[in-house]
Amino acid sequence: MSGSSLVWRADGYFSTDPNDKDVVVFTCGHHYFRRTFVETVLPEFRRRMDQLPVPMPLTSQLVLTDYHQPQQMHAACPVCAFGSIRQDVQRTHPQYAGDKIKPWSL
Ligand SMILES: [Zn+2]
């Protein structure tokens, strides 16, 4: 598989079927049940982005929009994307070094 990610059907993206076993897989190795991805991972990504000391509402919205592409996403997985953004913020704003921006790992 190439690219950042893929593996979910175009249909039923917002399915709340408890038997939904579709999985979202990223090349970083992170993978999530689609339902978990939609109901837990994406809201947590948004929450963390909203809490950054350096506001990035446009970046956040663009990435979240990409995650909602029904056929294929292009962004890195939310956990890794947030980690990269966190590092960038800390590099450009050293006052936020350390755990002032909490790391996100699963
Ligand atoms: Zn990842």
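Close-up 1. The axes of α1 and α2 (lines fitted to C-alpha atoms over the stretch in contact, with angles from 0 to 180 degrees between N-to-C directions) come within 10 Å and cross at roughly 170°. That makes α1 roughly antiparallel to α2, a term for angles over 145 degrees. Leu42, Arg46 and Met49 of α1 meet Ser60, Leu64 and Tyr67 of α2, where contact requires C-beta atoms, placed from the backbone, within 7 Å. As this is a predicted model, local features need pLDDT of at least 70 and side-chain atom pairs count only at pLDDT 80 or more, whereas totals for chains, interfaces and linings use all residues. Residues are numbered from 1 along each chain as its sequence is written.

**Close-up 2. The buried residues and the kink of helix α1.** Arg34, Phe37, Val38, Val41, Phe45 and Met49 are buried in α1, that is, each has 20 or more other C-beta atoms within 10 Å of its own. The buried residues of this helix pack against β2 (23–26), β3 (31–33), α2 and α3 (78–92). At valine 41, shortly before proline 43, α1 has a kink of about 30°, taken as the angle between axes fitted to the seven residues ending there and the seven starting there.

**Close-up 3. Glutamine 61 in helix α2.** Glutamine 61 belongs to α2 (residues 57–67) and counts as exposed because it has 12 C-beta neighbours inside 10 Å, the class being defined by 12 or fewer. Its C-alpha atom is separated by 8.5 Å from that of arginine 46, 15 residues apart along the chain.

Note on methods. Helix = DSSP H or I, 4+ residues; strand = E, 2+ residues; numbered from the N terminus. Contact = placed C-beta atoms within 7 Å. Parallel < 35°, antiparallel > 145°, perpendicular 65-115°, else oblique.
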